[in-house]
Amino acid sequence: KKERRLRRASKTRAMIREQGVARLTVHRNDPSLGIFPIRGMYMEAIDRAQKHIWMTNAYFIPDRAFRRALLDAARRGVDVQVILPQYSNHPLTDMLAHGTWDELLAAVVRVFLYRHFMVHAKTCTIDGAWTTVGTANLDRWSMLGNYEINVEVRSEHVAARMERLFMLDKENCLEVDAELWERRPALQKLGERTLRSLSPLL
């Protein structure tokens with residue numbers, strides 16, 4: 001028995017050396033208590049980013065401060081990439097999301113559209129060291145209204161796995177071309193501008 005325990009301990013130490021120890025923090029939005037830490041978790045991680053920010057989200061209508069954080073990151077040379085569904089199950093949400101793309105694309109934030117299937121993932125990995133996975137979308141209801149839960153993971157091993165998954169998902173994506181997007185129909189642009197006034201409610 002003692003030998004088995006020693007072998008098990010040796011294997012555990014070897015795994016820790018190989019993969020590192022993950023530090024986990026659970027963040028829970030709870031409207032009944034008036035606590036909404038998930039948005040702050042995202043903002044702090046984005047503000048610290050130095051190399052890359054790769055996120056996947058189902059409903060992407062970030063508020064002005066959140067967009068500014070992504071834009072600031074892109075302007076200081078961070079590789080910011082976002083995977084979104086090409087078509088979600090909420091067309092109105094899609095149009096609201098489209099209204100945020102102009103300024104993101106202008107700042108060289110790369111937007112990829114996941115084809116054929118609705119992507120429901122809510123993940124983000126930053127700088128090969130930080131990851132979050134959870135239930136929160138990047139819209140006002142998830143950030144400041146709904147019950148949501150996200151796990152924050154500080155681990156190079158976990159981040160590397162999430163990066164591989166992100167690259168795999170990109171194989172099923174179309175990248176939004178900034179010049180082609182600018183040439184979309186004028187009626188579509190008008191609809192997006194009109195709907196932007198509703199974004200604080202969604």
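The second largest cavity has a volume of about 50 Å³. Volume here is the space filled by probe spheres set on grid points, joined across faces, edges and corners. A cavity is a set of points, on a 1 Å grid over the protein atoms alone, where a 1.4 Å probe fits but cannot get out; lining residues have an atom within 4 Å of a point. The model is predicted: local features need pLDDT of at least 70, side-chain atom pairs count only at pLDDT 80 or more, and totals for chains, interfaces and linings use all residues. Residues are numbered from 1 along each chain as its sequence is written, and side-chain values use heavy atoms, without hydrogens and water.

A search of the whole structure finds 2 cavities of 30 Å³ or more. Helix α6 (residues 140-144) gives the most, with 3 residues. Helices are DSSP runs of H or I, at least four residues, numbered from the N terminus.

A side-chain oxygen of D63 reaches to within 3.1 Å of the backbone nitrogen of A65 at the start of α3. F66 is among the buried residues of α3, with R67, A69, L70, L71, A73 and A74. Buried means under 20% relative accessible area (1.4 Å probe, protein chains only). Just after α3, G77 takes a positive phi of about 100°.

Technical notes
Buried < 20%, exposed > 50% of the residue type's maximum accessible area, 1.4 Å probe, protein only. Helix = DSSP H or I, 4+ residues; strand = E, 2+ residues; numbered from the N terminus. Polar contact = N/O pair within 3.5 Å; in protein donor to acceptor, adjacent residues only side chain to side chain. 1 Å grid on protein atoms, 1.4 Å probe; cavity = no way out; pocket = protein on both sides within 12 Å on 5 of 7 lines; lining within 4 Å.
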